[in-house]
Amino acid sequence: MEARDHFRERLLRWYDAERRDLPWRAAAGSTPDPYHVWLSEIMLQQTRVDTVRAYFLRWLERFPTLESLSRATQDEVLKAWEGLGYYSRARNLHRAVREVRTKYGGRVPEDPEAFLALPGVGRYTAGAVMSIAFGREEPVVDGNVRRVFARVLDLPDPPAATLWAEATALVRGERPGDLNQALMELGALVCTPRSPACGACPVADHCRARAAGTQAARPARRGARAIPTEHHVVAVVRQADELLVVRRPDRARLGGLWEFPGLERKPGEGSQDAAVRAVRELIGLEITDLRPLGTVRHAFTHVRVTYEAMLATPQDDERGAEGGSAPRGHVLWVTREGLARLALPRAQHRIAELLDAGSEGASGDVRPVSIQS
């Protein structure tokens, strides 16, 4: 038996015995649902399995089929995704399933090139869905796979081309979807970043790093990058029992979500001036009676942001907006009850919590601000 065939056989035997029971995995011998596979792979990108479990089950309660998701509004989709982060994943998935509905009759295309052409689908996602859902001999390379191959090959920083070549060679033959899942499962459960359980590894005999005693150093750790910081001033504009919110542009960080109007403070700019500028530039509204509300800090993957919240009211009971940059339909007056029904970033929820409990609106929904064209 060739080494690679032996590697496959040992890996699959281990997977059959040790695979985790995950809600998106079909039972052994059952046909996977392509929608479930696709959804899980999008959710699992840069997110832990334990976090995704609950989101996946709640999502299917809200959108049980690809058709139901394609008919939903973006606000409904982002609200269901709220708290999972990396919101472009949800927006792209929503766009993609709509394209599947109109272009492929609501059936996930089995052709790898067609699937790869959908919004938000990259080489990894295409390989995972095509192999798991349709049995295609398509490879996958994620962080777990990279770590496994870096140790098997004893390479400190394996080139992407090498990783994809190894994954492509491995997935040839029967059960390509299970092979890909087994490889990722091995990295998640056994060949872990720190203290790999080499004694429990089904393919330890094939691992050059273990033979050389270098497994703890493979792959080599990349140097930490300095994380920039930003200071934003946020205006919590309140009039009676309603609050002013604006939708973020789709291409911006946290695109498509709602927030209290705010902008990054300019060097030397005072907090009140920054809050006034934010509301004026975004909405075309003048505010007054500003006072500090509190500070919220939030760490994104590539930046740390401090949000300084200022409580304010519209000037002269003004409720409309003239000349702001926010498009029509992207500005709302909402009660606290209405706010809870919108998709907000986590930091914005924390800003809302800074308001006194007595300031909550008791009833009502959402009302658009009048914006001139």
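How much space lies in the largest pocket? About 1300 Å³. A pocket here is an open set of points on a 1 Å grid over the protein atoms alone, where a 1.4 Å probe fits, with protein on both sides within 12 Å along at least five of seven lines. The volume is the space filled by probe spheres set on the points, which are joined across faces, edges and corners.

The model is predicted: local features need pLDDT of at least 70, side-chain atom pairs count only at pLDDT 80 or more, and totals for chains, interfaces and linings use all residues. Residues are numbered from 1 along each chain as its sequence is written, and side-chain values use heavy atoms, without hydrogens and water.

**Largest pocket**

Next, colour α2 (34–44), α3 (49–62), α8 (123–134), α9 (143–152) and α11 (176–189); each gives two or more residues to the lining. Helices are DSSP runs of H or I, at least four residues, and strands are runs of E, at least two, numbered from the N terminus. α11 gives the largest share, six residues. Now colour by class: the lining has 14 nonpolar, nine polar and 14 charged residues. Nonpolar means Ala, Val, Leu, Ile, Met, Phe, Trp, Tyr, Cys and Pro; charged means Asp, Glu, Lys and Arg; the others, Gly among them, are polar.

**Second largest pocket**

Move on to a volume of about 620 Å³. Select G85, Y86, L254, F300 and T301, the closest to the centre of the 27 lining residues. The largest share, three residues, comes from α15. This lining divides into 11 nonpolar, 10 polar and six charged residues.

Note on methods:
1 Å grid on protein atoms, 1.4 Å probe; cavity = no way out; pocket = protein on both sides within 12 Å on 5 of 7 lines; lining within 4 Å.
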